[in-house]
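Please look over the sequence and the model shown below before reading the briefing that follows.

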Amino acid sequence: MQPWAALRAWAVVKWVCLPNILLLAAATASVGSGGSGHAALWRHVLVEPPWLKTTVTQTPRNLSLIPCGAACIRQDWCRLWCHEAPRGCLLTSLTASASYEPAQPDGALSCYTSRPPDLTVGANITSSPHFHPDIKRRENLVDGIFSSDMYDCAIVNTDNGVTPWFLLDLGATVPVSEVVLVTQPNEKAPYFFKDVEVRVGDVEMSGDFTTYQLLGTYPGPAQPEQTVVLRPAAPITGRYVSIQRTTVPALQIAHLEIR
């Protein structure tokens, strides 16, 4: 077998064995300008069409699979792209974790995200009282997807002198090395996201998490749709992750990821 044929056979086997992970090289792709040799590891995820209709930015392109991913890399706002054979490409600012699972998989689009899997999706979440009983519910933080819509945020209030908090039960004791928090996408972000601390513990608590080990703090105030990444010096092992504001009156989070 010629060397080039052997290489091609190896590539085909790797493609078949990794259906949910796509490595796209943009060094020679004829999209946009520059062609500076970008590469990204994309993970396959199914997304319902209604989510894509509410994203802030969408750009339909007539591109095949590989150039579609390369085009997304070149756009600072592009977080997820979807592709319909043979050449339908949609670049979008929708944030979706690789752990996201559509509530209605029938009719979902085949998309690719650069976000890695995280422990938040499907975790049990409790909190201080909701700001509103019907909107901006805490469950929004464990669905793994965010469309830059204010109603897709989660907000809680102070309760009986205890400052606002969320608590995630990851279901098992695991090492936590990173917590990603995205703030609300409007001018109120500086008021509702500041004086935040994140802790990790082994025993379920309610409002007083001082016995948990401190993972990180963010004094703020935050800017609209700011991404706040907290990483401890070394992973902290625990089952529960608390996110609490140490001042009043409310805490609002747009999107949450834990790894």
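Which residue in β15 stands opposite V180? The residue opposite V180 in β15 is V229. This is a predicted model, in which local features need pLDDT of at least 70 and side-chain atom pairs count only at pLDDT 80 or more, while totals for chains, interfaces and linings use all residues. Residues are numbered from 1 along each chain as its sequence is written, and side-chain values use heavy atoms, with hydrogens and water left out.

**Strand β12 and its partners**

- Helices (H or I, at least four residues) and strands (E, at least two) are DSSP runs numbered from the N terminus, and two strands pair if DSSP finds at least two bridges between them.
- Strand β12 (residues 179-182) is joined by 4 bridges to strand β15 (residues 227-230), and the two run antiparallel.
- Strand β18 (residues 255-258) also pairs with β12 in the antiparallel sense, over 4 bridges, and here I258 is the bridge partner of V179.
- From β12, V179 and L181 point one way whereas V180 and V182 point the other way, and all are buried (buried means under 20% relative accessible area, exposed over 50% and partly exposed in between, with a 1.4 Å probe and protein chains only).
- Leaving aside neighbours within four places in sequence, V179 is in contact with V198, L215, V228, V229, L230, V241, L256, E257 and I258, where contact means heavy atoms within 4.5 Å.

**The open sheet**

- An open sheet of 5 strands has the order β8-β11-β16-β13-β14, with antiparallel pairing.
- β8 (124-127) and β14 (213-218) each have a single partner strand and stand at the edges, so one side of each is left without a neighbour in the sheet.
- Neighbouring strands of this sheet are turned by 25 degrees against each other on average, direction ignored; axes are lines fitted to C-alpha atoms, for helices over the stretch in contact, and angles run from 0 to 180 degrees between N-to-C directions.
- Between strand β13 (residues 196-201) and β14 there are 5 bridges in the antiparallel sense, and the bridge partner of V196 in β14 is Y218.

**Nonpolar cores**

- The largest nonpolar core has 29 residues, and those with the most contacts inside it are L168, V176, V179, L181, F193 and I243; a nonpolar core is a set of buried Ala, Val, Leu, Ile, Met, Phe, Trp, Tyr and Cys residues joined through side-chain atoms within 4.5 Å.
- β11 gives the most to this core, with 5 residues.
- A second, separate core has 11 residues, including V47, L80, L90 and L94.

**Aromatic rings and a charge over a ring**

- The structure holds 5 aromatic pairs, for which rings of Phe, Tyr and Trp (its six-membered ring) must have centres within 6.5 Å, with planes under 30 degrees apart counted as stacked, over 60 as edge-to-face and the rest as tilted.
- The ring centres of W165 and F209 are 5.5 Å apart and the planes stand at 70 degrees, so the pair is edge-to-face.
- Since W165 lies in strand β11 (residues 165-176) and F209 in the loop between β13 and β14, the pair ties together parts that are 44 residues apart in sequence.
- W165 counts as buried at 7% relative accessibility, and F209 is buried with a relative accessible area of 2%.
- F193 and Y218 form a tilted aromatic pair, 5.7 Å centre to centre and with 45 degrees between the planes.
- F193 lies in the loop between α4 (189-192) and β13 and Y218 in strand β14, so this pair ties together parts that are 25 residues apart in sequence; both F193 and Y218 are buried.
- W42, W81 and Y112 form one aromatic cluster.
- The charged end of K188 sits over the ring of Y191, 5.5 Å from its centre; for this, NZ of Lys or CZ of Arg must be within 6 Å of the ring centre and within 35 degrees of the ring normal.

- L91, found in strand β5 (residues 88-92), is buried with a relative accessible area of 0%.
- Not counting residues up to four places away in sequence, L91 touches several residues, among them C68, C72, C78 and W81.
- L91 and R61 are 30 residues apart in sequence and 7.7 Å apart in space, C-alpha to C-alpha.
- S99 is placed in the loop between β6 (95-96) and β7 (109-113), and at 19% relative accessibility S99 counts as buried.
- S99 touches P117, D118 and V121, not counting residues up to four places away in sequence.
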